[in-house]
Amino acid sequence: MSYSGRMQKSHTLSTFYAPRGRNRIYDLGIQIAQMYLSPFDKLIGVIGDSGSGKSVLIRGMFPGLELTNDDNGVNVRPLPILDQENETGFFTPHTYHVDIRFEMGFTQPHALADAIMQAVRRGKRVVVEHFDLIYPFLPTNANLLIGVGEEILVTRPNPFGPHPESISQKCQASLRYRLMAHTAEDLCEFCIPAEERDRAQHDDIHHGFILAFQDYKPELDLEALERQIREMVRQDLAIDYLDESHIAIGGHPHPCTGPRTHVSSTGCVTGFRLLKRFLFDHFSKRYLLVGCVGEDSEEMVERLNRMNADLNDDT
């Protein structure tokens, strides 16, 4: 057995921060496919709410796969997995995609489950979004189960679990922090000079975000920046999708590579805090601007201050 095969056999659960930018999710999808996907996996379950980035992750894992219900509202009809009897010859699909939440509005769950299992028995691979909704109608769990919330959970279930409902609960509970953090991150970019925004790199932390600046530290008043952002939160400005590269913050366009992964308005961001100093990463030679959200943000900021008290941050 190869090393990768041994790793897959012993694999139970891996966790990644769920990136907020489209390209970073693509890259993570490629990485997950390379590390955890086996040629023998026929049933892939993906779990997560709308706006979590499931479709982008799937496109990264399965380049070229035709999604049957894409983000632009283009729906493939007839649904290929329900039309298997008419697919003959060499050029039949190897991998099917089905969005259960969408398709249950048109097709009974037992019919969808039967079609999924028919494809699996034919040696096809089926990628199922909202797998938790169809699982009660299936005789088996997924070969590979992926949950998308604030974190991306990758698990290879066995008869003892984990079960889709437990993954779904974790994702639903954590997604709000990712949406809040992304909106807070864009508010931060919105309020800093354009030249600093353009050179900022993006990293992730638990219940927060990092804007990283190479080579030299921005000349920013972090106390004033936090006050400005908290005022925008107080005003409860609408966050609207404009296109795949922009959102609108209170009607003002702002560049964003993950425009669907946001709360609906700035007032939905709770507990926004900025670390009041830049941290210097000696390995990457970058200055880090750290923001936190959520009920425990003040405690998180204090913990970061304690953890990095001995770092030479040049502040």
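**Figure 1. The whole chain in outline.** Please keep in mind that this is a predicted model. The chain holds 10 helices and 14 strands. Its C-alpha trace spans about 65 × 45 × 35 Å along the principal axes. For 315 residues, a compact globule would have a radius of gyration near 20 Å, and the 22 Å of the chain agrees with that.

**Figure 2. Burial, contacts and charge.** Of the 315 residues, 52% count as buried. Take the contacts between residues at least 6 apart in sequence: 69% of these join residues at least 24 apart. Charged side chains come as 32 positive and 44 negative, and the centres of these two sets lie 5 Å apart.

**Figure 3. The Phe-102 and Phe-106 rings.** Searching the whole structure turns up five aromatic pairs. One of them joins Phe-102 and Phe-106, with ring centres 5.2 Å apart and planes at 50 degrees, so this pair is tilted. Phe-102 is partly exposed, at a relative accessible area of 22%, whereas Phe-106 is exposed, at 59%.

**Figure 4. The Phe-280 and Tyr-287 rings.** Here the ring centres of Phe-280 and Tyr-287 lie 4.8 Å apart; their planes meet at 50 degrees, so this pair is tilted. Phe-280 has a relative accessible area of 12% and is therefore buried, the cut-off for burial being under 20%. Tyr-287 is buried too, with a relative accessible area of 10%.

Definitions and conventions
Residues numbered from 1 in each chain as written. Predicted model: local features only at pLDDT ≥ 70, side-chain atom pairs only at ≥ 80, totals over all residues. Heavy atoms only, no water. Helix = DSSP H or I, 4+ residues; strand = E, 2+ residues; numbered from the N terminus. Rg over C-alpha atoms; globule rule 2.2 N^0.38 Å. Buried < 20%, exposed > 50% of the residue type's maximum accessible area, 1.4 Å probe, protein only. Contact = heavy atoms within 4.5 Å. Lys, Arg positive; Asp, Glu negative; His and termini not counted. Charge placed at Lys NZ, Arg CZ, Asp CG, Glu CD. Phe/Tyr/Trp six-rings, centres within 6.5 Å; stacked < 30°, edge-to-face > 60°.
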